[in-house]
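This report looks at one helix and a surface patch. Begin with the view below.

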Amino acid sequence: MTPFEPALALALDLVGVFAFAVSGALVAVRRGLDLVGVLVLAWLTGLGGGTIRDVLIGAVPPMGVSDWRMITAAVLGGLVTFALHTGMHRVQRPIRLLDALGLAFFCVSGTLVATRAEVGPVTAVIVGTVSAVGGGVLRDVVAGQVPELLRRELYALPALLGATLTALAHEHGLVSPQTVWPIIGVVFGIRIASIVFDWHLPQALTTGDAR
């Protein structure tokens, strides 16, 4: 493990928390919630995945309630959104864009944090994937909408791919900005392309007389 990894994971976490927090705050705004509701949904979206990650690897108390930097990033995302959302009549596009950004950053940062806990590569991939999708799922459930994870477009698969590539880079001692940023770009690109072109995994076939 290189000395660069902890600093890189922290930077990725902060960007991911902020992006997810803004997406959660936008959902709250669309639902007509007040300032407290906006901040709660921003915190839940920005830090939910990381909190699940920390519980899985035994890092307690989780960063969502213990790391002032992460909490500040989430609260800042909520406040900025609450202050600047005026005039935004259509927020679905920025929500999905920021959600894709958070997904890309968190699948990488979650995997790096898991490797620092000295778990195996398979566990690191699982933890990284859960870290990426967890906040968005919690946001959608609390907001009373179908989670992005269960919609037609690819969601968990890009996160799984990013976590796998990050774990492979770690196993071969290749974690650096030159490898991490392309992985983030690939995950983000696949997620956005899946929305634009309606890419989705095969669905179970049903018959007309199915019960």
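## Patch on the surface

A patch here is made of residues with over 30% relative accessible area and no salt bridge, and nonpolar side chains are joined within 5 Å. The model is predicted.

Phe18, Leu76, Val80 and Leu84 make up a nonpolar surface patch. Together these four residues have about 350 Å² of accessible area. Helix α4, residues 68-84, supplies the largest share of the patch: three residues.

## Val80

Val80 sits in helix α4. Its relative accessibility is 31%.

## Helix α4

α4 has 17 residues. From its first C-alpha to its last, α4 reaches 24 Å, close to the 24 Å expected at 1.5 Å a residue.

Which residues of α4 are buried? They are Met70, Ala73, Ala74, Gly77, Gly78 and Thr81. These residues lie on the same side of α4, because they cover an arc of only 125° around the axis. The face turned away from that buried side carries the exposed residues Trp68, Ala83 and Leu84.

## Record annotation

An unreviewed UniProt entry places the feature "domain: Glycine transporter" at residues 11-85 and 97-170. In the model, residues 11-85 are 85% helix and 0% strand. The end C-alpha atoms of this span lie 26 Å apart.

Conventions:
Residues are numbered from 1 along each chain as its sequence is written. This is a predicted model: local features need pLDDT of at least 70, side-chain atom pairs count only at pLDDT 80 or more; totals for chains, interfaces and linings use all residues. Side-chain values use heavy atoms; hydrogens and water are left out. Patches are made of residues with over 30% relative accessible area and no salt bridge: like charges are joined within 9 Å, nonpolar side chains (Val, Leu, Ile, Met, Phe, Trp, Tyr) within 5 Å. Accessible areas come from the Shrake-Rupley method with a 1.4 Å probe; for residues, only the protein chains shown count as cover. A salt bridge is a side-chain nitrogen of Lys or Arg within 4 Å of a carboxyl oxygen of Asp or Glu. Helices (H or I, at least four residues) and strands (E, at least two) are DSSP runs, numbered from the N terminus. Buried means under 20% relative accessible area, exposed over 50%, partly exposed in between (1.4 Å probe, protein chains only). UniProt positions are given in the numbering used here, feature names are shortened, and annotations may be inferred rather than shown by experiment. The expected span of a helix is 1.5 Å times one less than its number of residues. The arc is that of the directions from the helix axis to the C-beta atoms.
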